[in-house]
Amino acid sequence: MFYIIQQTLNALQLGSIYALIALGYTMVYGILTMINFAHGDLFMVGAFLCFVAATFFHMSFIPALLLSILGTALLGVVIEKFAYKPLRQAPRVSAIITALGVGIFLENFTLALNPYPRFIPPLVCNLTWTFGELSFSLLQVMIITLSVILMLLLDFTVRRTMVGMAMRAISWDKSVAPLMGIPVNRIISATFAIGTGLGGAAGMMYGLAYPVIDPYMGIMVGWKAFISAVVGGIGNIRGAMIGGFILGAVEILVAAFFPSTYRDFVAFALLLVLLIFRPHGILGKPHAQKV
Amino acid sequence: MSRPYLVVSELSISYGNISAVRKVSFRVDEGEIVTLIGANGAGKSSILRALSGLIPFSGTVMFRGTDLGNMPPDRIVALGVAHVPEGRGIFGNLSVLENLRLATWQRKDGDGVRRDLDRVLALFPRLNERKEQPGGTLSGGEQQMLALGRAMMSRGNLLLLDEPSMGLAPVLVRDIFRVLRELNGEGTTILLVEQNAHMALQTASRGYVLETGRIVLTGTGRELDADPRVKEAYLGK
Ligand SMILES: Nc1ncnc2c1ncn2[C@@H]1O[C@H](COP(=O)(O)OP(=O)(O)O)[C@@H](O)[C@H]1O
Ligand SMILES: [Mg+2]
């Protein structure tokens, strides 16, 4: 029993990080029908910003979190403006290749500044509660709570505010949205800011949970979050959250029963099977593409 | 007597090296219903898209003394131009209410927005019954009403309508035109693009006939409706 609760907590921690990153992929896809393959590397930048904040500026948790979120959000907006926007009318493949290029740039730029792996000092006091065999840390609780709060805020923004409505309208029909008086470019910037900001927050939390960070840490995590978004139904906000938690659960479950080298292989196989039965993902709908 | 309202001079539009509209000039006075009729491909939608800033053009467009050249679409909306596009442009994933509220993006008067929402829902009881439904589940006629409702919510002073009768049963077309006359009676100026020329010419005070990107004929609605050339070309049989 304790064991199940313990594993559930582990799955929630991992899943909430995947979910936060998956949101960035799904939001950008929803509004531009493009996969931002640099997103995993923006997650990595979030972890490094946290490292800089903690090591050089001796910031505490909240200021470091704000720096990670705002720093990556700003970077996301700049990348959209200078790398993706000029390609909006170009074939999708061009934008995707550009995104891969931006990702490689971010990895190597970070590598140039940090040739060796870095260690993020603990920003959350090392408090652990133990009940029998069950033990969980303050950090774990904070990661899960904070992720859930961020997701609830996002869900509210997208469903209830004018900006969220505008995002959904643009994702339905980009050509009509301007006729409603919506400043489409500003909404696209806002989408990038929110999506990459959440990725930056995830990077910081991941870096605190697994404190040794390197410039390539975003590649595998990014792929997994991308798969989470696809499993949930790419373009669908709640789908990305569900997909992230599913992937977290599958990984923890597989690790509990198989040797650890099997983890990714079994997890990806399961997801591929799921996609055979639900090619549009769990919440995705085959959306009739409009002219 | 009134100052110029919408004055379009030598408007030309091209897509790549295909020229779609060539040196078209026309004007719409405040309070009028003016129609632009022409066959499929004549350039009607292109003209409306240029007026609302969606596509680049050459020539000048003056709206109430403001030059619309190079102005982004959201600013043109803020000036009071409401464009109901061809195919109505309903956001199928947004509810009826959300579609209506979104059209108030440029407005700052919360009380006015609430009053206008009540007015739209009273004018279109079908929309009121379906206000929580996704726009995509509405019938064609309901979508056209929603599109008109959105134009009202944006407080458009000039209404650009692109083939509002397209794909609608005659009884619904009559409903739509009745609403248009009502809006016009309340002070909305209307530029109406139609292939369904007869209905448009009966409603409009003046009309222009467009043929492959040029204006070939102009006159009062009644004159054009009776003109044998128009009869032959657009009213069929
Ligand atoms: N996006 C576009 N790209 C290229 N050509 C276009 C485009 N839109 C319209 N055209 C061309 O411009 C001409 C006028 O089209 P349009 O304005 O849609 O006419 P109408 O609304 O009167 O049917 C047509 O020849 C059409 O093929
Ligand atoms: Mg047309």
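**Exercise 1.** State how much area chain A and chain B bury between them, and which residues of chain A lose the most.

*Solution.* Step 1: chain A and chain B bury about 1900 Å² between them, where buried area is the accessible area (1.4 Å probe) that two parts lose on being put together, summed over both. Carbon and sulfur atoms hold 71% of this area. Step 2: in chain A, the residues losing the most area to chain B are Met162(A), Leu179(A) and Met180(A), together 36% of what that side buries. Step 3: the contact (heavy atoms within 4.5 Å) takes 21 residues from chain A and 21 residues from chain B.

The model is predicted: local features need pLDDT of at least 70, side-chain atom pairs count only at pLDDT 80 or more, and totals for chains, interfaces and linings use all residues. Residues are numbered from 1 along each chain as its sequence is written, chains are lettered from A and ligands numbered from 1 in the order in which they are written, and side-chain values use heavy atoms, leaving out hydrogens and water.

**Exercise 2.** Find the salt bridge across the interface of chain A and chain B.

*Solution.* Step 1: apply the rule, a side-chain nitrogen of Lys or Arg within 4 Å of a carboxyl oxygen of Asp or Glu. Step 2: the rule finds one salt bridge across this interface. Step 3: the side chains of Arg168(A) and Glu98(B) meet in a salt bridge at 2.9 Å, N to O.

**Exercise 3.** List backbone atoms of chain B that lie by an oxygen atom of ligand 1, with distances.

*Solution.* Step 1: for Gly41(B), a backbone N or O atom lies 2.7 Å from an oxygen atom of ligand 1. Step 2: for Gly43(B) the distance is 2.9 Å. Step 3: for Lys44(B) it is 2.8 Å.

How values were computed. A polar contact is a pair of N or O atoms within 3.5 Å; within protein, one must be able to donate a hydrogen and the other to accept it, and residues adjacent in sequence count only if both atoms are side-chain atoms.
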